[in-house]
Amino acid sequence: MATTKVAIAPMKVAQVPKAGADFQIVKREIPKPGTGQVRIKVQACGVCHSDVLTKEGSWPGIQYPRVPGHEVAGVIDELGAGVSAWKQGQRVGVGWHGGQDNTCPSCGRGDFRNCRNLKIPGISYDGGYQQYMVAPVEALAAIPDSLGAVEAAPLLCAGITTYNALRHSGAMPGDLVAVQGIGGLGHLGIQFANKFGYKVAAIGRGSENAALAKKLGASVYIDSKATNAAEALQKLGGARVILATAPSSKAMSELIDGLGPNGKLMVIGATFDPIEVTPIQLISGSRTIQGWAAGTPADSEDTLRFAELTGVRPMIETYPLEKAGEAYARMMSGKAEFRVVLTM
Ligand SMILES: [Zn+2]
Ligand SMILES: [Zn+2]
């Protein structure tokens with residue numbers, strides 16, 4: 001029977017069919033970009049711990065099947081109607097910030113990062129675990145020529161989050177900044193903190209990562225299994241900022257006494273467990289606790305430019321798209337060194 005189909009080659013997609021289900025590799029038609037959107041030929045997509053929200057369905061209102069992925073690097077291969085600021089063939093990335101509504105009170109103040117209706121790739125619409133993806137122009141960041149797609153991808157979530165949190169933390173060059181956790185976020189946090197001119201104390205559990213932490217730019221390594229890390233920080237004068245990257249509220253709580261005067265616990269490691277702190281701990285020394293979420297595409301471009309300038313790079317394990325399930329399991333195991341990236 002001669003049924004003819006439109007001559008569009010199907011593409012490969014790694015999708016989550018429903019909350020909690022295993023990944024499926026399926027074929028789909030290549031999507032068309034709508035008004036104000038572009039289609040990206042994906043070259044690499046990082047596997048982030050926040051992809052658990054898509055995999056397990058813990059984000060309210062998420063619909064299935066859904067393609068995860070918010071660390072996307074690729075090339076624009078088609079422009080939708082009304083797109084003038086971007087061109088075909090341009091290298092672009094998409095991170096956690098998948099588009100704002102431009103109408104809410106935060107957007108009215110130019111605070112797009114805190115848009116009430118923020119769209120997130122891989123949650124609000126299909127993300128980068130696929131060969132082609134459609135994204136609104138509000139989500140696009142240009143990638144500098146000297147950065148490859150595989151090394152750029154993790155900078156679009158893990159990179160921007162650590163870079164942006166640190167540069168808004170209030171720490172000044174020469175200040176003592178501690179980075180808790182030497183993992184996907186922490187290994188980038190140590191590098192950025194070093195390049196920002198801070199005295200960097202890396203805090204890890206066990207001594208395995210001591211040499212690596214020093215190589216990445218830490219001047220002090222604190223093994224929180226062997227020593228009281230808060231006391232160790234106080235001996236160094238107290239931290240101006242502690243960048244808390246490991247998703248352990250207990251570990252974060254234990255560090256608060258390591259903050260110096262006006263010190264800040266900057267929380268980026270996401271968990272649902274409560275951080276424990278007494279009012280006295282905050283009042284003495286005027287300490288604060290703040291959370292931070294990624295940033296806008298303009299922040300992504302700053303991150304990529306800074307990485308290009310200073311040589312900050314993620315450490316990566318790559319997997320082909322077909323092995324998305326394996327790649328995700330590796331990321332979840334906590335044993336990856338340090339970011340897992342899918343290649344198309
Ligand atoms: Zn992420
Ligand atoms: Zn908004």
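Donors are N, O and S atoms within 2.8 Å of the metal (3.2 Å for Na, K and Ca); water is not among the atoms, so sites may look incomplete. C48 and H70 link distant parts of the chain, 22 residues apart. C48 sits in the loop between strand 3 (37–47) and helix 1 (52–56), and H70 in the loop between helix 1 and strand 4 (72–79). Helices (H or I, at least four residues) and strands (E, at least two) are DSSP runs, numbered from the N terminus. C48 and H70 are both buried. Buried denotes under 20% relative accessible area, exposed over 50%, and partly exposed in between (1.4 Å probe, protein chains only).

Residues are numbered from 1 along each chain as its sequence is written, while chains are lettered from A and ligands numbered from 1 in the order in which they are written. Because the model is predicted, local features need pLDDT of at least 70 and side-chain atom pairs count only at pLDDT 80 or more, whereas totals for chains, interfaces and linings use all residues; side-chain values use heavy atoms, with hydrogens and water left out.

The zinc ion (ligand 2) is coordinated by D101 (OD), C104 (SG), C107 (SG) and C115 (SG). The distances run from 2.0 to 2.3 Å. Angles between the four donor atoms are 96 to 120°, so the arrangement is tetrahedral. Four donors count as tetrahedral if all angles lie between 85 and 135 degrees. The ideal angle for four tetrahedral donors is 109.5 degrees. The sequence spacing is D-x2-C-x2-C-x7-C. C104 and C107 are buried.

Helix 4 (residues 158–167) is mostly covered, with nine of its 10 residues buried. Among them are I160, Y163 and L166. The buried residues of helix 4 pack against strand 8 (176–180), helix 5 (186–195), strand 11 (239–244), strand 12 (259–267), helix 10 (297–310) and strand 15 (339–343). Contact here means heavy atoms within 4.5 Å.

The second largest pocket has a volume of about 160 Å³. On a 1 Å grid over the protein atoms alone, a pocket is an open set of points where a 1.4 Å probe fits, with protein on both sides within 12 Å along at least five of seven lines; lining residues have an atom within 4 Å of a point. The volume is the space filled by probe spheres set on the points, which are joined across faces, edges and corners. The lining includes M11, R28, K119, Y125, D126 and M133. Strand 2 (24–29) and strand 6 (132–136) each supply at least two lining residues. Strand 6 gives the largest share, three residues. By class, the lining has six nonpolar, two polar and four charged residues. Ala, Val, Leu, Ile, Met, Phe, Trp, Tyr, Cys and Pro count as nonpolar, Asp, Glu, Lys and Arg as charged, and the others, Gly among them, as polar.

Most residues other than glycine have a negative phi, and most peptide bonds are trans. Y64 and P65 are joined by a cis peptide bond, omega about -5°. P65 lies in the loop between helix 1 and strand 4. The E337 to F338 bond is also cis, with omega near -10°. S286, not a glycine, has a positive phi near 50°. At 45% relative accessibility, S286 is partly exposed. A294 has a positive phi of about 30° and is buried at 5% relative accessibility.

Notes
Tetrahedral: all angles 85-135°; square planar, octahedral: opposite > 155°, others 65-115°.
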